[in-house]
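Let's take a friendly walk through this structure, one packing arrangement at a time. Please have the viewer ready and follow along.

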Amino acid sequence: MNALRLSTLKSLIRQDLYYALRSARGVLFLVFFGAFWLWLFTKLSGGGAQWLANPEGNFIIGWLFDPDVARSLFVGRSATLSAFFLIAVSTTPFFVLFAASDQTANDIGSKYLRFLTPRCNRIEIYLARFVGAAILVAFAYLLVTVVAMIMAVMVDKTGVGVILMDGLLAGLSLIIYSLPFIALMSLCSVVVGSAGLSALVGISVYVVVLVLVAVIGIKMPQAADFVAYLLPNSTKGLILQLQWQTSLQSLLIVPIYVLAYGFIGWKIFSGRDI
Amino acid sequence: MSSVVIQTNQLSKTFGATKALTGISLTVEKGVTTGLVGPNGAGKTTFFSLLCGFLKPSNGTISILGHNPDSAAIRGKVSILPQDAALLKSLSIGKQLSMLAELQGLNKSQAHEEAKRVLKLVNLYESFNQMPEQLSHGMLKRVAIAQALMGSPELILLDEPTAGLDPNTSDAIKSVIRQLSRQCTIVITSHNLEVIEDLCEKIIILKKGELHSHEKVADLTARTKALTFKLDQDPPENIKAIFKELAMVTDVKAGQTGQHRMVVYFNDENPMTEIEIIKCLAEAGISYREMVRGERLQDTVSDRMRR
């Protein structure tokens, strides 16, 4: 009933990316993303992150995140690249929820899907939009990671080899970390009829669960930990350490989130009126 | 190969507590251009959307070319003109049609040529590089029709193909549909019953979400044994008495007030009958602007809807 044809899938992904770079939502994401990182790189360019490698900076990072994360990121590594990575991981939810908000939402609202469904199966459309969003996000993160690496080489005294390996791991980790968020937005964008509403739903769900976790955590920390697993960022602790081993561990968890969100989204999309 | 292209069995659709369609069972045969009509709220769009797979049935089954409307087996074999679907913004018409053609399995250059071909069919070739935002409603409608003409479909489903088009363009589109009807099966929904009468062999009439009738247009319009007159004014109240002396006249039906219309039914194959009827009208001092053999589908369907 919903066979997956690779050639159609490839065409749909190519068309999705082509349109993303010409549509308001794609351009808006790239402009905001680019402006944010441009501003941040100007702050990091003068060696602004190096104080984080000091005991005081390490203490603050340890207090804000985790002492292990602080040690792992800022001892014996490029502070500029580590600061970039820390900020990138922390802002991933909002950028990715925005970038991936319009996978099917606008097409449902404008009924453009009615031009597609005589030609493609719904599973092809659904998967292509997920992969298209993932490629767009991956491209954006790889680009800023490369810029961060170049800046780290110029600003920090860390060896180029270390920066290259850390940069590679940082880029891959950001992509892995963003996948559950993209899958969450696959789910959100099949239930509403506009990209704006889809982004709002995604961000609201994320914030509401975050607040819920914080409130529950006051009285019942264990229950809060359990509720926190609803969020797509449960791999954040592993990813933030920027170690190959922990990143590989997160690779085992990420597919569970992608499949869970993706499956619920698909069940809704396959059965909904368009 | 089966001669049935569409088959529905006890098809129903509800939206919350509202029953949009109830128990529709019918078949559409291969090669038979079929019109789908009914007043507003009759369930036309719902039925059409169910056939297209846009909506999921609440009950009953649909078979399109022997498959479920969602089946991969019918991709590329069924073309659809959806009524209210919008094209993507910021992409040229030609590019969008090429993209859709690629999804039908054509390579880039073939898709480009196919986009050009269908745009020529709807007289929009000059708009190939224009953005949808630059086109009028009627032109966008033609683009939507163009995408439904791509490839070699076995079944074409057209929702209001001439709505919003000027008479010349409407005639051109009707001509394209007529040509296509020789190669494939076409189902058309339209409020304009002249379009249905012009193009369709059979008609499905829906009323209040139920199947009212499914029959030949020719049977409905009684082409050979009726004359429809458009008069200068409404026919007089004694119109039946005027034709009383003509034995071959079986009935006279006056249109609604203000329509200036009248249908005279007769039971004689003699070609002189028509002249006798016209003579009778002239003697009664009733002048007419237009006379058509047979009954207008519009009148028949309107009559049925009022019953």
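We begin in chain B, where helices H2(B) and H4(B) run roughly parallel to each other. Keep in mind throughout that this is a predicted model. The angle behind that description is about 25 degrees, and angles under 35 degrees count as roughly parallel. H2 of chain B spans residues 93-103, H4 of chain B spans residues 137-148, and their axes are 10 Å apart. If you look at the handedness, the crossing of H2(B) and H4(B) is right-handed. On the H2(B) side, the contact is made by B:Ile93, B:Leu97 and B:Leu100, while H4(B) contributes B:Val143, B:Ala146 and B:Gln147. Sorted by class, this set holds five nonpolar residues and one polar residue, with no charged ones.

Now zoom out to chain B as a whole. Its domain assignment gives domain 1, covering 4-220, and domain 2, covering 223-306. The C-alpha centres of these two domains of chain B are 35 Å apart. Where they meet, 16 residues of domain 1 of chain B touch nine residues of domain 2 of chain B. Together the two domains of chain B bury about 1,200 Å² between them, and carbon and sulfur atoms account for 59% of that area. Which three residues of domain 1 supply more of its buried area than any other three? They are B:Leu193, B:Glu197 and B:Leu220, which provide 47% of what domain 1 of chain B buries against domain 2 of chain B.

Next comes the meeting of the two chains. Here 30 residues of chain A are in contact with 34 residues of chain B. The area buried between chain A and chain B is about 2,900 Å², with 57% of it coming from carbon and sulfur atoms. On the chain A side, A:Arg114, A:Phe115 and A:Arg119 supply 27% of the area that this chain buries against chain B, more than any other three residues.

Let's finish inside chain A, with two helix pairs. Helix H1 (residues 6-20) of chain A packs against helix H2 (residues 24-44) of chain A at an angle of about 65 degrees, their axes being 7 Å apart. In this contact, A:Asp16, A:Tyr19 and A:Ala20 of H1(A) meet A:Arg25, A:Gly26 and A:Val27 of H2(A). The residues in the contact of H1(A) with H2(A) comprise three nonpolar, one polar and two charged.

The other pair is H10 (residues 195-219) and H11 (residues 221-228) of chain A, whose axes come within 6 Å and cross at roughly 160 degrees. That angle makes H10(A) roughly antiparallel to H11(A), since angles over 145 degrees count as such. The crossing of H10(A) and H11(A) is left-handed. Residues making the contact include A:Leu212 and A:Ile216 of H10(A), along with A:Pro221 and A:Val227 of H11(A). By class, the contact of H10(A) with H11(A) has nine nonpolar residues, one polar and one charged.

Definitions and conventions. Residues are numbered from 1 along each chain as its sequence is written. Chains are lettered from A and ligands numbered from 1 in the order in which they are written. This is a predicted model: local features need pLDDT of at least 70, side-chain atom pairs count only at pLDDT 80 or more; totals for chains, interfaces and linings use all residues. Side-chain values use heavy atoms; hydrogens and water are left out. Axes are lines fitted to C-alpha atoms, for helices over the stretch in contact, and angles run from 0 to 180 degrees between N-to-C directions. Helices (H or I, at least four residues) and strands (E, at least two) are DSSP runs, numbered from the N terminus. Angles under 35 degrees count as roughly parallel, over 145 as roughly antiparallel, 65 to 115 as roughly perpendicular and the rest as oblique. A crossing is left-handed if the near helix is turned anticlockwise from the far one by less than a right angle, and right-handed if clockwise. Contact means heavy atoms within 4.5 Å. Ala, Val, Leu, Ile, Met, Phe, Trp, Tyr, Cys and Pro count as nonpolar, Asp, Glu, Lys and Arg as charged, and the others, Gly among them, as polar. Domain bounds come from an automatic or database domain assignment. Buried area is the accessible area (1.4 Å probe) that two parts lose on being put together, summed over both.
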